[in-house]
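Have the structure open and follow along.

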Amino acid sequence: MRALIYSAAVALTALPATAQSICAPREAMLNTVVTQLERERYFEALSPAGIVEVFAGDDGKWVMTATAPNGISCVLVAGEAWSAIPLAHGEPS
C-alpha cells in the first residue's frame, strides 16, 4: 500500500510534464469516471501535491486519477482485472 501511495505521489508531481494526459476540472472528471464509466472509488490518498484516487467497476476495469491543488484532475493510468484484497485482521493498512 505504501508503495502504491509513493508511486502515485511521484506520478502526481510529474503531471505537468506529461505530454498527452487526459485532464479536466475535478467535478467533470468525477462525473465521467463515476457516472459515465460506472466506476466506484476504492482508494483515496492525500499528499502535499494533491489527491490520488483509484476507481474500479464491477467489470474489473479501473482508473487512477490525481487532482492537483488547482482542482485539475488527470488520469495517471488505467487497466483491467481490478481485485480488492481484504486485509487480514490486525494487518496494517
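**Starting from a tryptophan**

Trp-82 counts as partly exposed, at 29% relative accessibility. Keep in mind as you look at it that this is a predicted model. Buried would mean under 20% and exposed over 50%, so a value between those cut-offs lands in the partly exposed class.

Which residue does Trp-82 pair up with? Its partner is Tyr-42, and the aromatic pair they form is tilted, with 5.6 Å centre to centre and 50° between the planes. Why tilted? Planes under 30 degrees apart would count as stacked and over 60 as edge-to-face, so the rest go down as tilted. Tyr-42 is partly exposed too, with a relative accessible area of 41%. The count for the chain comes to one aromatic pair.

Tyr-42 is in strand E2, which covers residues 40–47, while Trp-82 is in the segment after strand E5 (72–79).

Zooming out, the chain has two helices and five strands. Read from the N terminus, the order is α-β-α-β-β-β-β. Among contacts with a separation of 6 or more, 37% link residues 24 or more positions apart.

And the surface? The chain has 93 residues, and 28% of them count as buried. Its accessible surface is about 6200 Å², with 58% of that belonging to carbon and sulfur atoms.

Methods: Residues numbered from 1 in each chain as written. Predicted model: local features only at pLDDT ≥ 70, side-chain atom pairs only at ≥ 80, totals over all residues. Heavy atoms only, no water. Helix = DSSP H or I, 4+ residues; strand = E, 2+ residues; numbered from the N terminus. Buried < 20%, exposed > 50% of the residue type's maximum accessible area, 1.4 Å probe, protein only. Contact = heavy atoms within 4.5 Å. Areas by Shrake-Rupley, 256 points an atom, 1.4 Å probe, with all protein chains shown as cover. Phe/Tyr/Trp six-rings, centres within 6.5 Å; stacked < 30°, edge-to-face > 60°.
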